[in-house]
Amino acid sequence: MSKNYRGKALWKLPSRSRGTCPVCKATRIKLLYTLLTENGTKLTVCKRCQQKKVSI
Ligand SMILES: [Zn+2]
């Protein structure tokens, strides 16, 4: 279970874990982090956004 976010483990994920970050709108970025928004919704975001506080 180590290195879940690196290497070939990514390729098992839907769209190989790449997509558009819902927070910063960066395209084709790796979305690997779950962010809990202020109203309880979980978003999958890129690493730049994992610390952000979002209310969507
Ligand atoms: Zn982002």
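Cys46 counts as buried, because its relative accessibility is 1% and the cut-off for a buried residue is under 20%. In this predicted model, Cys46 belongs to the set of residues that coordinate the zinc ion, together with Cys21, Cys24 and Cys49, each through its SG atom and at 2.2 to 2.4 Å. Cys24, by contrast, counts as partly exposed, because its relative accessibility is 30%, a value that lies between the limits of 20% and 50%.

The 4 donor atoms around the zinc ion subtend angles of 106 to 114°, and the arrangement is therefore tetrahedral. Along the chain, the donors follow the spacing C-x2-C-x21-C-x2-C. Cys24 lies in the loop between strand S1 (18–19) and strand S2 (29–30), whereas Cys46 lies in the segment after strand S4 (42–45), so this pair ties together parts that are 22 residues apart in sequence.

The loop between S1 and S2 also holds Thr20, which counts as partly exposed because its relative accessibility is 43%. When neighbours within four places in sequence are left aside, Thr20 is in contact with Lys25, Ala26, Thr27 and Leu31. The C-alpha atoms of Thr20 and Val45 are separated by 8.3 Å, although the two residues are 25 residues apart along the chain.

| Residue | Relative accessibility | Class |
|---|---|---|
| Cys46 | 1% | buried |
| Cys24 | 30% | partly exposed |
| Thr20 | 43% | partly exposed |

Strand S3, which covers residues 33–36, pairs with S4 in the antiparallel sense over 4 bridges. The hairpin that S3 and S4 form has 5 residues between the strands, and in this hairpin Gly40 takes a positive phi near 90°.

For the protein chain as a whole, the secondary structure comes to 0 helices and 4 strands, and the order of elements from the N terminus on is β-β-β-β. Taken along the principal axes, the C-alpha atoms fill a box of roughly 35 × 25 × 15 Å. Of the 56 residues in the protein chain, 27% are buried, and the chain exposes about 4600 Å², of which carbon and sulfur atoms supply 51%. Among contacts between residues at least 6 apart in sequence, 15% join residues that are at least 24 apart.

Methods. Residues are numbered from 1 along each chain as its sequence is written. This is a predicted model: local features need pLDDT of at least 70, side-chain atom pairs count only at pLDDT 80 or more; totals for chains, interfaces and linings use all residues. Side-chain values use heavy atoms; hydrogens and water are left out. Donors are N, O and S atoms within 2.8 Å of the metal (3.2 Å for Na, K and Ca); water is not among the atoms, so sites may look incomplete. Four donors count as tetrahedral if all angles lie between 85 and 135 degrees; four count as square planar and six as octahedral if opposite donors are over 155 degrees apart and all others between 65 and 115; anything else is irregular. Helices (H or I, at least four residues) and strands (E, at least two) are DSSP runs, numbered from the N terminus. Buried means under 20% relative accessible area, exposed over 50%, partly exposed in between (1.4 Å probe, protein chains only). Two strands pair if DSSP finds at least two bridges between them. Contact means heavy atoms within 4.5 Å. Accessible areas come from the Shrake-Rupley method with a 1.4 Å probe; for residues, only the protein chains shown count as cover.
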